[in-house]
Amino acid sequence: LSSLDRVAMSVALVPMTEEMGYSDSFKGSISSFFSVGYGLGILPSGLLVASLSPRWIMAVGITSWSLGTMATPFAAAQSSMIFLLGARALVGVSESVAIPTVQRLLSNWVPPERKSLAV
């Protein structure tokens with residue numbers, strides 16, 4: 001789900017550019033703001049997963065990245081560049097919980113002798 005959501009915006013940018021008239025630099029910003037959010041969120045996500053419930057963190061991450069994903073077309077329709085970039089950054093920060101959480105869940109639930117098969 002997380003990987004699909006990452007690719008979806010690059011596909012959606014084609015019709016959005018035709019309809020909204022985005023410049024190449026703004027399209028790059030839209031794509032980059034996801035990466036900025038993800039990069040800023042990955043370390044805190046790993047630290048949170050180490051100290052809090054991985055189930056709870058994943059639930060919060062999925063909820064907030066869903067909200068960011070839903071906000072994206074509304075921001076584009078309103079021609080709000082700041083809101084659109086913020087929505088993409090929110091998706092990036094929210095998705096940064098996925099890998100550390102899955103790794104923590106696997107380490108908690110899978111017996112040591114089966115871990116190489118679990119991934």
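**Exercise 1.** Decide whether S79 is buried or exposed.

*Solution.* Start with the cut-offs: buried means under 20% relative accessible area, exposed over 50%, and partly exposed in between (1.4 Å probe, protein chains only). S79 has 57% relative accessibility, so S79 counts as exposed. Finally, look at the backbone: phi of S79 is near 55°, a positive value in a residue other than glycine.

A word on the model: it is predicted, so local features need pLDDT of at least 70 and side-chain atom pairs count only at pLDDT 80 or more, while totals for chains, interfaces and linings use all residues. Residues are numbered from 1 along each chain as its sequence is written, and side-chain values use heavy atoms, leaving out hydrogens and water.

**Exercise 2.** Work out how α3 and α5 are oriented to each other.

*Solution.* Take the axes (lines fitted to C-alpha atoms over the stretch in contact, with angles from 0 to 180 degrees between N-to-C directions). Those of α3 (residues 54-77) and α5 (residues 98-109) come within 10 Å and cross at roughly 155°. Angles over 145 degrees count as roughly antiparallel, and α3 and α5 are therefore roughly antiparallel to each other.

**Exercise 3.** Find which residues A76 is in contact with, beyond its neighbours within four places in sequence.

*Solution.* Apply the contact criterion, heavy atoms within 4.5 Å. A76 then meets M16, M20, Y22 and L84.

Definitions and conventions: Helices (H or I, at least four residues) and strands (E, at least two) are DSSP runs, numbered from the N terminus. Angles under 35 degrees count as roughly parallel, over 145 as roughly antiparallel, 65 to 115 as roughly perpendicular and the rest as oblique.
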